[in-house]
Amino acid sequence: MSADRLIPLLLTLAWLAPLGGAVATWAAGRVVVDRRSRLAAWIAVGGAVVSLNLALAAGVAWWRSTPSLTQWGFIPHHRSVSGAFYSLGEFGGLSLSVDYYVDSLTVLMFAVVTLIATCVHVFAV
C-alpha cells in the first residue's frame, strides 16, 4: 500500500481508537458491577495507547515517504496528501463532501496530542 493511502488510513484509525475504547469501556461497565474495579480505566488507556501507536506509525510512514533534505537543509517542495472520504451530495455546481488534508504539521500535531492524551489517561488511573 502506498504512503498516500496508508497515512490517512492510519490517522483515521487513530482518530477512531478512543471511540472504540469508550464503547469497550461502556460494555465492560455493563458486565462488571463492582464500582471499585479499574477495568474500565485500563480499557480507556488501551484505546489511547492504540491511538498513539497508530499516530506514530503514520509519522514513520510520512518520514519514510518524504524526500531527503538537500545540502541546504530544506525540502524544496511542500508535500501533502488530500482526498475525499465520501460525498454527501451535489446540488447544481455545489459539491458537499467530507475531505481530508494531511501535511507534516498534521502528522506531528496528531502524534503530540495523542501522546499527551495517553499521559493524561495513565495519570487518571
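Trainee: Where do I start?

Mentor: With the ground rules: the model is predicted, so local features need pLDDT of at least 70, side-chain atom pairs count only at pLDDT 80 or more, and totals for chains, interfaces and linings use all residues. Residues are numbered from 1 along each chain as its sequence is written, and side-chain values use heavy atoms, leaving out hydrogens and water.

Trainee: How many residues does helix H1 have, and what span does it reach?

Mentor: Helices (H or I, at least four residues) and strands (E, at least two) are DSSP runs, numbered from the N terminus. An expected span is 1.5 Å times one less than the number of residues. Helix H1 (residues 3-31) has 29 residues and reaches 40 Å from first to last C-alpha, close to the expected 42 Å.

Trainee: Where is the kink in H1?

Mentor: A bend is the angle between axes fitted to the seven residues ending at a residue and the seven starting there. In H1 a kink of about 30 degrees lies at Leu16, shortly before Pro18.

Trainee: Is Ile7 buried or exposed?

Mentor: Buried means under 20% relative accessible area, exposed over 50%, and partly exposed in between (1.4 Å probe, protein chains only). Ile7, in helix H1, is buried because its relative accessibility is 0%. By contrast, Val120 in helix H3 has 52% and is therefore exposed.

Trainee: Which residues does Ile7 touch?

Mentor: Contact means heavy atoms within 4.5 Å. Not counting residues up to four places away in sequence, Ile7 touches Ala58, Ala61, Trp62, Ser65, Val102 and Val107. Ile7 and Trp62 are 55 residues apart in sequence, yet 7.0 Å apart in space, C-alpha to C-alpha.
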